[in-house]
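Please look at the sequence and the structure below.

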Amino acid sequence: MTSRPALSSRAANIPPFHVMELLARAHALQSAGHDIIHMEVGEPDFPTPPPIIAAAQRFLAGGDVRYTQATGLPELRDAIFRFYRTRMNANVPPHRIIITAGASAALLLAIAALTDPGDEWLLTDPGYPCNRQFIQACNGVPRALQVEAGTNYQPEASQIRQAWSEHSKGLLVASPANPTGALISAPEVEMMNGLMQELGGTLIVDEIYQGLVYDTKASSVLAQHDNVFVVNSFSKYFGMTGWRLGWLVVPEGYERHVEKLAQHLYIAASTPAQHAALAAFTPECIGLLEERRALFARRRDLLVRELPGLGFRIHRQPEGAFYIYANTSELTSNSQDLALRLLEKGFVAATPGADFGDWKSDQHLRLAYTTSEERLMEALTRIRSCL
Ligand SMILES: Cc1ncc(COP(=O)(O)O)c(C=O)c1O
């Protein structure tokens with residue numbers, strides 16, 4: 001008899017993505033001929049902008065596809081530097097910008113650079129589920145801070161102080177956030193960063209949905225703070241999820257350490273993707289992305305207007321990203337059951353709150369408006385008939 005390799009406790013204990021189980025069922029229904037409206041998907045429905053595709057094709061036609069430096073193409077780091085300067089009024093020198101394989105690798109690099117075994121990171125619940133896994137992969141410990149609509153889904157100073165211990169390493173937040181679409185205001189960042197300074201911790205801000213904001217101009221914490229680690233990506237605003245490209249901005253002095261980690265962990269981000277992304281900042285591309293942003297805003301307004309009539313409560317207007325984190329407690333005591341019912345009876349897929357943490361997760365569904373207004377209207381009709 002051959003013995004089977006023993007799984008690590010890290011792999012054995014990792015929780016499943018509930019939405020993946022739902023998705024498997026959605027695909028089965030789709031194969032059986034049903035028309036599923038996908039509101040569970042966390043990626044834009046638009047194709048990659050044509051100028052980006054054209055830049056990739058030009059580069060690939062040359063055939064010289066090799067590794068770049070671990071920190072990324074110098075031209076791309078320069079382009080991001082100019083993007084921050086002209087659009088965010090932030091001065092971020094290119095040597096502090098490290099190109100990564102998506103925000104995922106940026107988060108992993110930042111956490112790996114800062115975490116020793118047993119170090120604790122404070123995270124919001126609800127929040128992006130992979131952060132817990134990145135921390136645990138570095139032998140750190142995630143600590144959840146339960147956040148509510150009443151505090152803009154952000155942790156309060158008293159909560160941070162209370163959760164802080166001698167093992168605490170820092171605070172990881174996102175703006176706009178997944179799943180709530182909440183933006184961190186300038187005074188809130190000031191409070192968080194001030195507290196980190198006082199307590200001897202580090203602030204990491206995930207700005208992956210930067211650009212997808214609907215009531216204000218896009219901004220970055222880097223305009224005010226240069227001691228914060230900032231994560232970003234080409235996935236969401238730039239519509240490049242499958243290209244796997246993002247970046248990490250590090251405070252002065254950390255670049256060499258993060259570079260060494262990147263060299264060893266994945267050598268460099270995809271070279272064709274980096275050449276393609278050079279076209280992402282052209283006026284033609286930004287013009288197209290701004291048109292898409294306007295469409296997202298209309299979709300958000302449509303759902304915020306219509307969902308309350310169906311019994312979903314939206315306790316805080318989402319200001320960014322492409323999600324509505326709707327309270328379902330008037331409809332059900334178990335949002336996972338509701339998600340299943342919407343799928344089985346209405347052929348509408350949505351993500352149950354359980355994917356984003358434990359805090360009141362059975363009272364929430366995340367609805368992504370990554371589909372057209374016509375499809376959203378159809379989804380609303382179907383949801384109404386299921387309830
Ligand atoms: C808040 C947040 N951070 C990071 C990521 C990872 O994105 P990517 O690796 O595609 O850039 C996601 C993806 O949905 C996200 O929602």
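Tyr209 has a relative accessibility of 3%, so Tyr209 counts as buried; buried means under 20% relative accessible area, exposed over 50% and partly exposed in between, with a 1.4 Å probe and protein chains only. Phe322 is buried too, at 0% relative accessible area. The model is predicted: local features need pLDDT of at least 70, side-chain atom pairs count only at pLDDT 80 or more, and totals for chains, interfaces and linings use all residues. Residues are numbered from 1 along each chain as its sequence is written, and side-chain values use heavy atoms, with hydrogens and water left out.

The structure holds 19 aromatic pairs. Rings of Phe, Tyr and Trp (its six-membered ring) pair if their centres lie within 6.5 Å; planes under 30 degrees apart count as stacked, over 60 as edge-to-face and the rest as tilted. Tyr209 and Phe322 make an edge-to-face pair, because their ring centres are 5.5 Å apart and their planes stand at 90°. Tyr209 is in the loop between strand S6 (202–206) and strand S7 (229–233), while Phe322 is in the loop between helix H11 (283–306) and strand S9 (323–327), so the pair ties together parts that are 113 residues apart in sequence. Helices (H or I, at least four residues) and strands (E, at least two) are DSSP runs, numbered from the N terminus. Tyr209 and Phe322 belong to one aromatic cluster with Phe46, Tyr214, Phe296, Tyr323 and Tyr369.

Phe238 and Phe281 are both buried. The ring centres of Phe238 and Phe281 are 5.4 Å apart and the planes are at 70°, so this pair is edge-to-face. The pair links distant parts of the chain, 43 residues apart: Phe238 lies in the loop between S7 and strand S8 (246–249), and Phe281 in the loop between helix H10 (271–277) and H11.

Next come the pockets. On a 1 Å grid over the protein atoms alone, a pocket is an open set of points with protein on both sides within 12 Å along at least five of seven lines, a cavity is a set where a 1.4 Å probe fits but cannot get out, and lining residues have an atom within 4 Å of a point. The largest pocket holds about 590 Å³ of space. Its lining has 30 residues, and the closest to its centre are Gly42, Tyr128, Asn178, Lys236 and Tyr323. Helix H5 (102–114) gives the most to this lining, with four residues. Both domain 1 (9–47 + 284–386) and domain 2 (52–282) give residues to the lining, so the largest pocket lies between them; the domain bounds come from an automatic or database domain assignment.

The second largest pocket has a volume of about 350 Å³. Among the 24 residues that line it, Ser175, Ile184, Ala186, Ser219 and Ser220 are the closest to its centre. Helix H8 (residues 186–199) gives the most to the lining of the second largest pocket, with three residues.

How many cavities of 30 Å³ or more does a search of the whole structure find? The search finds one. About 60 Å³ of space lies in the largest cavity. Its lining includes Phe46 and Phe296, both members of the aromatic cluster, and also Phe238 and Lys236. Domain 1 and domain 2 each supply at least three residues of this lining.

Technical notes: Points joined across faces, edges and corners; volume = space filled by probe spheres on them.
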